Amino acid sequence: MQEFDPTEYAPETVAVRAGYRRTAEGEHSEAIFPTSSFVFGSAAEAAARFSGEQPGNIYSRFTNPTVRTFEQRLAAMEGGEACVATASGMAAILATFMGLLRGGDHVVCSRSVFGTTTVLLNNYLVRFGVEVTYVPLSNVDAWSEATRPNTRLYFCETPSNPLGELVDIRALAALAQARGVLLAVDNCFCTPALQRPLALGADLVIHSATKFLDGQGRCLGGAVVGDAERVGKDVYGFLRSAGPTLAPFNAWVFLKGLETLHLRMRAHSENALALARWLDVHPAVTAVHYPGLVDHPQHALAKAQQQGFGGVLSFEVAGGRAAAWSVIDATRMLSITANLGDTKSTITHPATTTHGRLEPDQREVQGITEGLVRVAVGLEAMADLQADLARGLDRLA
């Protein structure tokens, strides 16, 4: 079989075909290699593999054919040279920090990141002498002002969780390059089907593969994509030593998810936009946060740097936590869970779930109000989604 060159094909084709070499068995679907170790032909071959003189499989903590296929396919989809797959999205963020930072380094991070990312930085990275400054995501001038001589990394997620705020990736990447800083973008909400941060100038892309890359809420996993030096050596080196490893079966599930990613992301985006427009005119809703709405302050930017608006939105109701919980508890079809990226729509209260470990003042700065509800819009019929949310919203109205 001729080797597949991803540069010759459209993104949808790359998502289906890239990264796999068929074995001698002639299988059409990618094989799963559920093995902890690999056998060498001789002691000399084992020594050559372990020393890096000879490429090949060694131990599934850091070399596995199924995981490698997932890594190569995702790297091709993002336009990166290398990818390191991990056991979860947070493991991908941890591997990035541990692989690239050292004591005395400074990180500038968006205020609008997943709550556990903030906890990881504030409660753990600081123990090793890493300093952190938080800035408003969309204000590039604030990133510039927060940069110090020892700043090593800019970290952001765009669109943000759960308010759908954006940053101009090109502008932030230009600033990072001018200041000698690496830019890492969490691309969980858009995936490479809707946004390719590396093509916009970012150095690293982070994924929670648990979300849209899987697409059906089956497995945990994460990934870091970037160049051969920082990702292929530095982040990979941490994975090899520390072992936050992706399981072969999970990698195989993610490969199946990638095959339908472009179709699903278009459908998620269409459903989310329709639901956001419906919520925007509902009398019980005081605000809707979704970049696909024309009155979103960064709607034009979303159209410019994304190929769709994504499947996650949030809305606010008057009456604080009690009102938000009443809307959530009135649903019969939506799944009350904090996960997202599933074909099944999910609903959650960020202030007490995804961002519940933050201090109240931290949530206030991020705009996580007690009346905020997040919906990760799945692939159900729009009429059914609206009817389910209307059970609680109509009572409030």
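Helix α13 (residues 320–330) and α15 cross at roughly 145°, and their axes come within 6 Å. Here axes are lines fitted to C-alpha atoms, for helices over the stretch in contact, and angles run from 0 to 180 degrees between N-to-C directions. This is a predicted model, in which local features need pLDDT of at least 70 and side-chain atom pairs count only at pLDDT 80 or more, while totals for chains, interfaces and linings use all residues. Residues are numbered from 1 along each chain as its sequence is written, and side-chain values use heavy atoms, with hydrogens and water left out. Helices (H or I, at least four residues) and strands (E, at least two) are DSSP runs, numbered from the N terminus.

**Helices packing on α15**

- The crossing of α13 with α15 is right-handed, meaning that the near helix is turned clockwise from the far one by less than a right angle.
- On the α13 side you will find Ala323, Ser326, Val327 and Ala330, which meet Arg391, Gly392, Leu393, Arg395 and Leu396 of α15; contact means heavy atoms within 4.5 Å.
- This contact of α13 with α15 has five nonpolar, two polar and two charged residues (Ala, Val, Leu, Ile, Met, Phe, Trp, Tyr, Cys and Pro count as nonpolar, Asp, Glu, Lys and Arg as charged, and the others, Gly among them, as polar).
- Helix α11 (residues 261–280) also packs against α15 (residues 382–396), at an angle of about 35° and with the axes 11 Å apart.
- That crossing of α11 and α15 is right-handed too.
- From α11, Asn271, Ala274, Leu275, Trp278 and Leu279 touch Met382, Leu385, Gln386, Leu389, Ala390 and Leu393 of α15, a contact with nine nonpolar, two polar and no charged residues.

**Pockets**

- The largest pocket has a volume of about 1100 Å³. On a 1 Å grid over the protein atoms alone, a pocket is an open set of points with protein on both sides within 12 Å along at least five of seven lines, and lining residues have an atom within 4 Å of a point.
- Grid points are joined across faces, edges and corners, and a volume is the space filled by probe spheres set on the points.
- Of the 46 residues lining the largest pocket, Gly19, Arg68, Thr69, Glu71 and Gln72 are the closest to its centre.
- Two or more lining residues of the largest pocket come from each of α2 (43–51), α3 (65–78), β1 (82–86) and α9 (230–242), with the largest share, eight residues, from α3.
- The lining of the largest pocket has 22 nonpolar, 15 polar and nine charged residues.
- The second largest pocket has a volume of about 380 Å³ and is lined by 25 residues, of which Gly89, Phe114, Cys188, Ser208 and Lys211 lie nearest its centre.
- At least two lining residues of the second largest pocket come from each of α4 (89–100) and β6 (204–208).

**Cavity**

- There is one cavity of 30 Å³ or more, a cavity being a set of points where a 1.4 Å probe fits but cannot get out.
- About 40 Å³ of space lies in the largest cavity, which is lined by Pro159, Gly164, Phe189, Pro291, Phe309, Gly310, Gly311 and Val312.

**Salt bridges**

- The whole structure has eleven salt bridges (a side-chain nitrogen of Lys or Arg within 4 Å of a carboxyl oxygen of Asp or Glu).
- Glu12 forms a salt bridge with Arg266, with the closest N and O atoms 3.7 Å apart; the pair joins distant parts of the chain, Glu12 in α1 (residues 11–17) and Arg266 in α11, 254 residues apart.
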